[in-house]
Amino acid sequence: MNPESTPAAPRGRAPQALVCDDLSQFAKTLRRELDQHLSEHQTPPGHVQLLNMLARAAGHRNLQTLKATPAAPFAMSAPASESTDLDWTDAELPAIGSADAAAPVNGPDAARLSPNAAKALSQFDDWGRLARWPHKFSVQRLAMWALWTRFEPKRHYTEREVNALLKAWTTWGDHVTPRRELVEMKLISREPDCSAYWKNPVRPPEEVQALLRALRARQAAGAGHKRVPMLAKPATESSD
């Protein structure tokens, strides 16, 4: 074995990104938590306790909200192997940094946008976050597809994780309405007691695919010259 090779992640365990804006503040917060733990328990923290400390030092409520919160608002990546006719993902969208992604949204995709899709596109900010709740019902429905792409396929979420994800990708302060609409549209499903949510494998119609590509292109263009905004730390939410 090459001693310089990087060990592969254990089978079945997905990589988890940890992003912090201020490394010095991250270190200070982590050290403060460690010192407090040692003063109270006189023993090192356990594995899960340490993971929660790392998450809090990066500005998250705990490890679960870290897992539910996207590392960067403009990241919409998915392995190409997951993109099938029955489980469409945004893998077909242009990669950030590519010439296609950096191009202004006035090319073929913009030309193919329906009036409702163009209106839906205007509801999102440069980072792909839904900035307002559309007034028109048909535009609301189109906007929900963009939020649907933020969920990982074949993963079960708690309601708190769903709330944290939707808070990260909306900015007007209401995550309950889009959550309810996603369920109503059958883009995501949930258990009767709301104990688990999951993304449904569906393929967007052509109108929606054009919208998602245009949204991705605008995100990529904005990501090239603007600072990634900090995501708000999710708070505990109750079921609606």
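This is a predicted model: local features need pLDDT of at least 70, side-chain atom pairs count only at pLDDT 80 or more; totals for chains, interfaces and linings use all residues.

Visitor: Sheet first. In what order do the three strands sit?

Guide: The order is β1-β3-β2, in an open sheet with antiparallel pairing. Strands (E, at least two residues) and helices (H or I, at least four) are DSSP runs, numbered from the N terminus. Two strands pair if DSSP finds at least two bridges between them.

Visitor: Which are the edge strands?

Guide: β1 (156-157) and β2 (188-190), each of which pairs on one side only.

Visitor: And how many bridges join β2 to β3?

Guide: Three, with β3 covering residues 197-199. Ile 188 has Lys 199 in β3 as its bridge partner.

Visitor: Which helix lies across β2 and β3?

Guide: Helix α9 (residues 176-184), running at about 95° to β2. Axes are lines fitted to C-alpha atoms, for helices over the stretch in contact, and angles run from 0 to 180 degrees between N-to-C directions.

Visitor: Which residues of α9 are buried?

Guide: Pro 178, Arg 179, Glu 181, Leu 182 and Val 183. Buried means under 20% relative accessible area, exposed over 50%, and partly exposed in between (1.4 Å probe, protein chains only).

Visitor: What do they pack against?

Guide: The buried residues of α9 pack against α7, α8, β2 and β3; contact means heavy atoms within 4.5 Å. Just after α9, Lys 186 has a positive phi of about 65°.

Visitor: Changing topic: how many residues are in the largest nonpolar core?

Guide: It has 34, and Met 144, Phe 151 and Leu 182 have the most contacts inside it. A nonpolar core is a set of buried Ala, Val, Leu, Ile, Met, Phe, Trp, Tyr and Cys residues joined through side-chain atoms within 4.5 Å.

Visitor: Which helix gives the most to this core?

Guide: α7, with eight residues. At least two residues each come from α6 (115-121), α7 (137-148), α8 (159-168), α9 and α10 (206-223).

Visitor: What does Met 144 touch?

Guide: Leaving out residues up to four places away in sequence, Met 144 touches Leu 130, Trp 133, Pro 178, Glu 181, Leu 182, Met 185 and Leu 187. There is also a second, separate core of five residues, including Phe 26, Leu 30, Met 53 and Ala 58.

Visitor: Now charges. How many salt bridges?

Guide: Five, where a salt bridge is a side-chain nitrogen of Lys or Arg within 4 Å of a carboxyl oxygen of Asp or Glu. One of them joins Arg 141 and Glu 181 at 3.6 Å, N to O. Arg 141 is in helix α7 and Glu 181 in helix α9, so the pair ties together parts 40 residues apart in sequence.

Visitor: Is that pair buried or exposed?

Guide: Arg 141 is partly exposed, at 25% relative accessible area, whereas Glu 181 counts as buried at 16%.

Visitor: What does Glu 159 pair with?

Guide: Its side chain meets that of Arg 179 in a salt bridge (4.0 Å, N to O). Glu 159 lies in helix α8 and Arg 179 in helix α9, so that pair links parts 20 residues apart in sequence. Glu 159 and Arg 179 are both buried.

Visitor: Which residues are linked in a network?

Guide: Glu 152, Arg 155 and Glu 161, through salt bridges. The closest N and O atoms of Glu 152 and Arg 155 are 3.3 Å apart.

Note on methods
Residues are numbered from 1 along each chain as its sequence is written. Side-chain values use heavy atoms; hydrogens and water are left out.
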